[in-house]
Amino acid sequence: MGAMTQLMYGPHAVDPPVVLAPMAGITNAPFRTLCREFARGRGLFVSEMITSRALVERNDKTMRLIHFDAGEKPRSLQLYGVDPGTVGRAVRMIADEDLADHIDLNFGCPVPKVTRRGGGSALPYKRPLLRAILREAVAGAGALPVTVKMRKGIDDDHLTYLDAGRIAVEEGVAAIALHGRTAAQHYGGQADWSAVARLKEAVPEIPVLGNGDIWSADDAVRMMRETGCDGVVVGRGCLGRPWLFGDLVAAFDGRGAEGYARPTLGEVAEVMVRHATLLGEWLGDEARGVIDFRKHVAWYTKGFSVGSDLRGRLAVAASLAELSELLGTLDLTQRWPAGADGPRGRTSGRNRVSLPDGWLADPWSAVAVGADAESETSGG
Ligand SMILES: Cc1cc2nc3c(=O)[nH]c(=O)nc-3n(C[C@H](O)[C@H](O)[C@H](O)COP(=O)(O)O)c2cc1C
């Protein structure tokens with residue numbers, strides 16, 4: 001990759017400059033561990049989103065979600081919040097109780113239930129509110145680096161990322177990741193990488209990471225080259241494909257295509273069973289692990305000749321033995337199919353963003369968002 005400055009999140013070097021995107025329901029400790037193993041411990045792997053109110057209330061499920069495996073260093077936690085006071089308390093709790101080493105703040109969620117209450121990708125539109133949240137977070141975090149993840153804005157007429165980037169720099173944020181879509185785009189169309197380049201120019205003081213539509217290690221290298229960004233954040237590309245992190249390490253080490261994994265179906269099946277096993281250990285119940293794993297089946301088997309009948313049975317397997325047995329009936333010698341490359345996961349668009357009444361009237365008003373804006377935690 002030529003001369004590249006080392007990407008730093010505060011005191012933590014991120015090498016190669018590759019980050020697993022936070023994904024609700026996906027990037028729990030088992031999945032992060034799988035990705036990290038393929039990456040041989042390199043890069044950075046962010047937790048699924050944790051709601052700051054649930055954290056300060058020590059909600060049972062949330063306390064399990066903030067679990068990190070022993071090998072995770074630095075421990076990277078994503079927080080979602082809408083209220084400066086609550087975010088500040090959550091961040092202080094993380095710092096005081098040594099619950100993580102890095103905190104990422106989610107301002108990218110486009111889910112209607114969230115934006116309708118002014119949270120996620122709707123929030124940066126209210127510049128003073130964004131500033132207040134970042135100020136509380138950075139103050140509460142002490143020595144822990146705080147990063148921000150955001151979208152371009154609400155829609156093309158209400159872009160927020162350049163103002164948000166400036167505010168983030170002024171408030172002492174350690175790095176910014178930009179998903180090159182607006183909330184209105186949801187996951188449709190193509191991510192606008194030129195916005196990443198513009199943000200990089202606008203905030204030269206801190207690292208900017210590009211996010212959106214990185215489906216291969218070559219895409220990641222190209223994103224860096226085309227935008228001048230300091231690192232990349234990879235989401236859907238690794239769904240059912242955690243070895244993509246091995247490819248990314250290979251690419252950034254200059255080992256190129258020959259270093260990339262092209263697993264056979266047999267090798268994929270081994271990873272599937274391991275993933276389901278880790279989920280069961282994490283949940284403390286084998287069957288629950290296999291059930292939670294069901295959502296990953298279609299991603300892992302994408303492009304392979306599996307047959308819709310067996311794909312259906314795999315998707316309702318209820319024990320590790322059943323999962324292994326079903327996988328054993330497949331032709332496991334199948335090579336990695338071309339159809340498995342390219343987009344996977346959510347790809348649909350949306351046209352209208354649900355917002356609180358009057359939200360767009362004044363970007364500079366210091367509104368408070370109702371506490372119930374945190375009652376939904378579906379990520380995105
Ligand atoms: C299933 C799913 C869950 C997600 N959950 C979160 C989340 O909790 N926090 C967040 O900031 N982004 C979340 N995202 C957005 C991703 O982090 C990422 O920004 C987006 O998918 C674009 O990157 P990609 O094209 O590499 O997938 C989620 C995306 C998906 C597909």
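1. The crossing of α8 and α9 is right-handed; a crossing is left-handed if the near helix is turned anticlockwise from the far one by less than a right angle, and right-handed if clockwise. Helix α8 covers residues 193-202 and helix α9 residues 217-227, and they pack at an angle of about 50° with their axes 9 Å apart. Helices (H or I, at least four residues) are DSSP runs, numbered from the N terminus. Axes are lines fitted to C-alpha atoms, for helices over the stretch in contact, with angles from 0 to 180 degrees between N-to-C directions. The pair α8 and α9 is therefore oblique, the class left when angles under 35 degrees count as roughly parallel, over 145 as roughly antiparallel and 65 to 115 as roughly perpendicular.

2. This is a predicted model, in which local features need pLDDT of at least 70 and side-chain atom pairs count only at pLDDT 80 or more, while totals for chains, interfaces and linings use all residues. Residues are numbered from 1 along each chain as its sequence is written, and side-chain values use heavy atoms, with hydrogens and water left out.

3. On the α8 side, Trp193, Val196, Ala197 and Lys200 meet Asp219, Arg222, Met223, Glu226 and Thr227 of α9; contact means heavy atoms within 4.5 Å. By class, this contact has four nonpolar, one polar and four charged residues. Here Ala, Val, Leu, Ile, Met, Phe, Trp, Tyr, Cys and Pro count as nonpolar, Asp, Glu, Lys and Arg as charged, and the others, Gly among them, as polar.

4. Helix α1 (residues 29-38) packs with α11 at an angle of about 140°, their axes 8 Å apart. The two are therefore oblique to each other, and their crossing is right-handed. Contacting residues include Phe31, Leu34 and Phe38 of α1 and Val271, Leu278 and Trp282 of α11. The class count is nine nonpolar, two polar and two charged residues.

5. Which residues touch the most other members of the largest nonpolar core? They are Leu79 and Phe245, in a core of 106 residues. Helix α11 (residues 265-283) gives the largest share, ten residues. A nonpolar core is a set of buried Ala, Val, Leu, Ile, Met, Phe, Trp, Tyr and Cys residues joined through side-chain atoms within 4.5 Å. Buried means under 20% relative accessible area, with a 1.4 Å probe and protein chains only.

6. Serine 52 belongs to helix α2 (residues 52-56) and, at 0% relative accessibility, counts as buried. Beyond four places in sequence, serine 52 contacts residues including Leu79, Tyr80 and Glu374.

How values were computed
Buried < 20%, exposed > 50% of the residue type's maximum accessible area, 1.4 Å probe, protein only.
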